[in-house]
Amino acid sequence: MSQPTTYNLSARVMHWGMAFLLFSMLFAGLAMVQSLQPWHLTLLGLHKSFGVIALIAVMVRLIIRLRTATPAMPDSIPALQKRIAHASHWLLYAAMFAMPLSGYFMQNAAGRPVAVFDLFTLPAVMPVSLPLYGFFREVHALVAWALIALVLVHIAAALHHGLVKRDGVLQSMTGRKK
Amino acid sequence: MLKQKPSALPLRYAVIIGAVGGLGALLFAVAGGLGQSSVTAQDFVNLQEGNNPHLGFRRAHAKGFCIAGEFVSNGSLQPYSIAPQFAATSTPFVGRISIAGNNPTAPDLNAPVRSLALSFGAGSSRWLTAMNTPPVMAVGTPEAFYQQIQALSPDPETGERNPERIQAFFATHPETQTFRNWQAGYTPTASFASEIYHSINAFYLINENGDRQAVRWAAMPTISSNEELDSENVNALQNEFFARVEAQPVAFDLTFTFANDSDDETNPTVLWPEDRQQVVAGQIVVHQAMPENEGNCNEINFDPLVLPKGMAATADPILRARSAAYAESYRRRAREHFLNSSLQPSPQKESENSQ
């Protein structure tokens with residue numbers, strides 16, 4: 001059975017859509033925790049709403065990832081490097097789940113409902129607790145920095161494949177010219 | 001695979017380093033305050049907590065106790081707001097009475113400001129309000145408020161306030177006049193139950209037609225108290241309130257003042273004229289008072305921007321800034337409680353128990 005040379009269209013749409021969403025969320029999160037300006041409240045509301053969207057998106061994306069064939073890495077890549085690449089992809093998935101979940105849990109522990117665009121409010125899943133809030137609030141920040149580190153390494157590796165090695169790995173996600 | 005010119009390699013690496021390094025640098029810069037105005041939430045809380053933070057405590061209004069009771073609404077605000085608290089019904093609340101300052105063991109009677117904070121309802125009906133004894137803010141922006149706290153802070157060398165610095169601050173901020181007039185005419189009473197607690201900032205009530213009415217509110221006492229308190233007792237006011245609630249419930253009238261079109265609801269330094277319409281929405285009845293380690297108010301961040309449907313925040317910059325600064329204080333004390341589960345919210349009660 002032959003493997004495809006690119007990720008299928010649904011996987012590529014999810015990848016680039018989420019890349020845009022994740023950077024928006026990271027920049028918004030880093031800025032809003034410091035700001036004393038009136039836009040703070042608006043941004044916080046959007047951050048929570050889009051956080052719920054990010055959680056749904058990563059679940060959809062995981063299903064697509066598990067159910068579709070993924071392109072094989074070129075034979076020119078050593079086995080160890082392939083294993084590291086795979087591990088980094090699953091770490092990215094773990095971080096993409098941990099970000100919205102820790103955000104949801106910390107709001108729960110603070111007794112603050114998460115409202116999605118004023119349409120509906122997510123249920124509370126844990127008691128209001130100061131130590132629990134302290135834990136999930138710090139997890140939310142630490143995972144954010146871990147995600148930033150992973151994404152930067154991911155971009156560096158993708159550009160290295162695309163610009164230096166030119167082995168088709170970058171094109172498996174950008175799509176190939178016909 | 002294309003054969004590449006070796007001479008192009010350094011350029012390609014430069015592109016990679018530039019792209020990844022640039023993105024990383026931008027993220028670090030935003031985390032470090034790029035794009036922020038001169039004062040951030042962290043600056044504020046750093047200033048409030050001082051050099052020796054009291055771990056696990058609120059960075060402002062550190063000393064307080066929990067209360068519980070009900071808001072008995074008379075329904076008179078129903079035409080103005082769809083918030084369920086204003087229907088002719090009674091809504092239970094959890095609250096906190098506190099004094100200003102970062103010291104959880106400060107003497108009650110020395111505090112310049114006393115506070116009443118309440119939390120009613122749940123989910124999209126939740127309403128948090130943190131009310132203080134002054135009716136107005138001294139200043140109208142977070143930057144000026146930061147300077148005010150700086151000016152009022154004790155000199156690190158002498159441990160005393162510097163009157164010249166305070167004078168200089170007020171001289172350059174004429175908007176502080178209303179606050180200073182209140183301060184000059186204010187006499188602290190002998191009970192937390194006999195104070196007036198003001199929302200200070202204005203909010204909107206929103207009815208079923210979507211009409212907005214700008215309001216301020218205040219909890220007005222229903223008793224007066226001028227009895228002599230023991231000025232040596234650091235918990236004089238707290239003990240007085242505990243004894244009072246033990247004997248009978250403590251009530252406040254929750255009174256709303258309606259702005260006219262000529263009032264600027266975004267300016268917390270100005271009092272609205274006295275002829276403005278006032279509506280008593282009902283009574284806040286305190287049935288219980290307990291130390292923080294026995295109550296459930298310590299885990300509440302009394303963020304004044306948590307409002308039910310039927311109420312909304314004005315664009316008042318101080319109101320918006322309060323929310324962000326409270327969140328940073330909440331984060332810090334929550335982290336301390338997570339890292340050290342033996343932290344107690346109310347050390348003064350422990351010494352009472354051991355007596």
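**Note on chain A and its interface with chain B**

1. According to the UniProt annotation, from an unreviewed entry, the "domain: Cytochrome b561 bacterial/Ni-hydrogenase" covers residues 7-175 of chain A. UniProt positions are given in the numbering used here, feature names are shortened, and annotations may be inferred rather than shown by experiment.

2. This is a predicted model, in which local features need pLDDT of at least 70, side-chain atom pairs count only at pLDDT 80 or more, and totals for chains, interfaces and linings use all residues. Residues are numbered from 1 along each chain as its sequence is written, chains are lettered from A and ligands numbered from 1 in the order in which they are written, and side-chain values use heavy atoms, with hydrogens and water left out.

3. Chain A has 40 residues in contact with 52 residues of chain B (contact means heavy atoms within 4.5 Å). In chain A, the residues that lose the most area to chain B are A:Gln34, A:Leu36 and A:Leu130, together 20% of what that side buries (buried area is the accessible area, with a 1.4 Å probe, that two parts lose on being put together, summed over both).

4. Between them, chain A and chain B bury about 4,100 Å², with 67% of it on carbon and sulfur atoms.

5. The rule finds 3 salt bridges across this interface (a side-chain nitrogen of Lys or Arg within 4 Å of a carboxyl oxygen of Asp or Glu). A:Glu138 forms a salt bridge with B:Arg335, where the closest N and O atoms are 3.4 Å apart.
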